[in-house]
Amino acid sequence: AAAAAAAAAADGKQPAADASTTSSSGGASAYVTSALSHGVTQGNANIAHLLEKAKPVLDALGKFADAAAPHVERAYELLLAAYKALEPYHPEEFMPVLFGLVMAFTGGYFVLTFAAVEAFQLCGWERTKKHLRVLWHDYQLVRAASAKDDLVDADNDGIADVRQIRTDQLVTRKVALALRSCDPERVSKALVGVYTSWCGVIATLRLQFAQTLTLGTVIGNTFKEPAQRYVTPTIKLAVPEAYHKWVPLAVTYACRSAGVAIAWIVQRIISAFYSAIRGAQLFARGALHYSGRRGWTVPFDESSPLFAATVATVAASGFWFQLSSGLTPPFPLNWLLLPFSICEYVLLWFVETGVSAVAADGAGSLPVEVGGA
């Protein structure tokens with residue numbers, strides 16, 4: 001966008017006054033396309049080459065943003081409306097009950113997701129929430145200013161000005177509008193705060209699951225010597241002599257892959273057990289406090305037999321439910337929990353990019369799939 005603004009100003013295609021009085025409705029894809037076009041024609045040759053290569057991908061991302069933005073805003077508005085409707089029932093006390101119940105019965109399915117939630121609480125969730133509110137507030141300011149400016153008809157010809165200009169001019173005006181509407185210092189601090197919290201979460205997850213991969217490598221190395229002694233000769237009998245030199249390496253990789261799979265299963269069982277207990281505590285604490293405040297039960301007391309019995313019952317039920325389903329959400333629960341599955345795969349990608357070096361260290365160049373089990 002900055003490249004487009006500079007190019008338009010240099011070419012004299014748009015007066016400075018227009019840049020300060022008009023806006024855009026062209027969407028993210030139009031901004032990306034125009035900005036890339038000016039970057040290709042005006043920028044350094046190497047940068048231009050990279051921009052040209054990335055243009056189809058970024059253009060597709062821009063179109064996706066255009067299509068997804070209204071639905072995301074609508075979903076957010078519906079959530080706010082639902083929260084408003086539940087305010088008389090004190091949802092801030094009831095939501096931990098639901099979260100604890102979900103965690104107790106599904107924590108082993110979504111190991112990374114619930115570990116990230118715990119890590120976020122340790123890495124300053126309140127601070128992150130504050131930064132997200134700042135970004136949302138500035139986004140609303142820019143959006144409101146853009147919607148208002150889209151109606152401007154400076155030449156009084158009955159057609160909005162933004163519908164009578166080229167895409168490059170549209171980009172320039174949109175950038176100018178955004179720069180005038182938001183507070184750069186506030187936005188910068190908010191972005192840095194969110195990014196810092198995210199890095200803390202990912203670092204915590206990488207450390208935790210790097211230990212799992214290291215354990216898997218150790219287990220695999222334990223299997224390696226017996227396998228080389230008893231399995232390798234058998235395999236050599238079944239393959240041509242020209243490929244015998246690859247057999248020991250293949251056996252080593254197979255042993256280490258099996259070790260990582262075993263370590264990951266153990267980690268999932270441990271996570272299921274922990275999440276069942278942790279979720280049961282959240283559920284019992286929230287439910288008994290809520291019911292005690294409303295007079296349905298005795299006043300809440302964590303040392304009471306009722307609290308201990310509730311935690312034990314929910315934890316045992318949740319852990320058994322996860323084990324009985326093979327640590328995989330059954331139908332139709334897998335469809336209902338699809339957002340959690342998507343989040344799990346996104347976190348898995350970030351964690352894998354950081355722990356692959358750990359897997360390779362001591363395991364040769366074996367590629368490891370963290371969630372392969």
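## Fold and basis

Helices here are DSSP runs of H or I with at least four residues, strands are E runs of at least two, and both are numbered from the N terminus. G220, for example, lies in helix α9. This is a predicted model in which local features need pLDDT of at least 70, side-chain atom pairs count only at pLDDT 80 or more, and totals for chains, interfaces and linings use all residues. Residues are numbered from 1 along each chain as its sequence is written, and side-chain values use heavy atoms, with hydrogens and water left out.

The chain has 13 helices and zero strands. Read from the N terminus, its elements run α-α-α-α-α-α-α-α-α-α-α-α-α.

## Burial, surface and contacts

Burial is set by relative accessible area: buried is under 20%, exposed is over 50%, and partly exposed is in between (1.4 Å probe, protein chains only). Of the 373 residues in the chain, 34% are buried. The accessible surface of the chain is about 21,700 Å². Carbon and sulfur atoms hold 68% of that surface. These areas come from the Shrake-Rupley method with a 1.4 Å probe; for residues, only the protein chains shown count as cover.

A contact means heavy atoms within 4.5 Å. Take the contacts in the chain with a separation of 6 or more: residues 24 or more positions apart account for 79% of them.

## Around G220

G220 in helix α9 is buried, at 0% relative accessibility. Neighbours within four places in sequence aside, G220 is in contact with C255, R256 and G259. T252 is 32 residues from G220 in sequence, and their C-alpha atoms are 7.9 Å apart in space.

C255 is itself buried, with a relative accessible area of 8%. Another cysteine, C343, is partly exposed at 33%. A disulfide is a covalent bond between the sulfur atoms of two cysteines. The cut-off used is a pair of cysteine sulfur atoms within 2.5 Å. By this rule the structure has zero disulfides.

## Aromatic pairs

Rings of Phe, Tyr and Trp (its six-membered ring) pair if their centres lie within 6.5 Å; planes under 30 degrees apart are stacked, over 60 edge-to-face, and the rest tilted. The whole structure holds nine aromatic pairs. One of them joins F99 and F114, with ring centres 5.9 Å apart and planes at 55°, so this pair is tilted. The pair links distant parts of the chain: F99 sits in helix α5 (residues 91–106) and F114 in helix α6 (residues 111–122), 15 residues apart. F99 is partly exposed at 30% relative accessible area, whereas F114 is buried at 4%.

F114 also pairs with F340. This pair is stacked, at 6.3 Å centre to centre with 15° between the planes. F114 lies in helix α6 and F340 in helix α13 (residues 338–360), so the pair ties together parts that are 226 residues apart in sequence. F340 is partly exposed at 30% relative accessibility. One aromatic cluster takes in F99, Y109, F110, F114 and F340.

## Salt bridges

Side chains of opposite charge can pair when their charged atoms come close. A salt bridge here needs a side-chain nitrogen of Lys or Arg within 4 Å of a carboxyl oxygen of Asp or Glu. The whole structure contains two salt bridges.

R74 and E77 form one of them, at 3.9 Å from N to O. The two residues are three residues apart in helix α4 (residues 45–86), so about one helical turn separates them. R74 is partly exposed at 49% relative accessible area, and E77 is partly exposed at 43%.

R186 and D138 form a salt bridge at 3.0 Å, N to O. This pair links distant parts of the chain, with R186 in helix α9 (residues 184–238) and D138 in helix α7 (residues 125–149), 48 residues apart. R186 is partly exposed at 32% relative accessibility, but D138 is buried at 3%.

## Nonpolar patch

Patches are built from residues with over 30% relative accessible area and no salt bridge; like charges are joined within 9 Å, and nonpolar side chains (Val, Leu, Ile, Met, Phe, Trp, Tyr) within 5 Å. F331, W335, L338, I342 and V346 make a nonpolar surface patch of about 570 Å². Helix α13 gives the most to this patch, with three residues. W335 belongs to helix α12 (residues 333–336). The residue W335 is exposed, with a relative accessible area of 59%.
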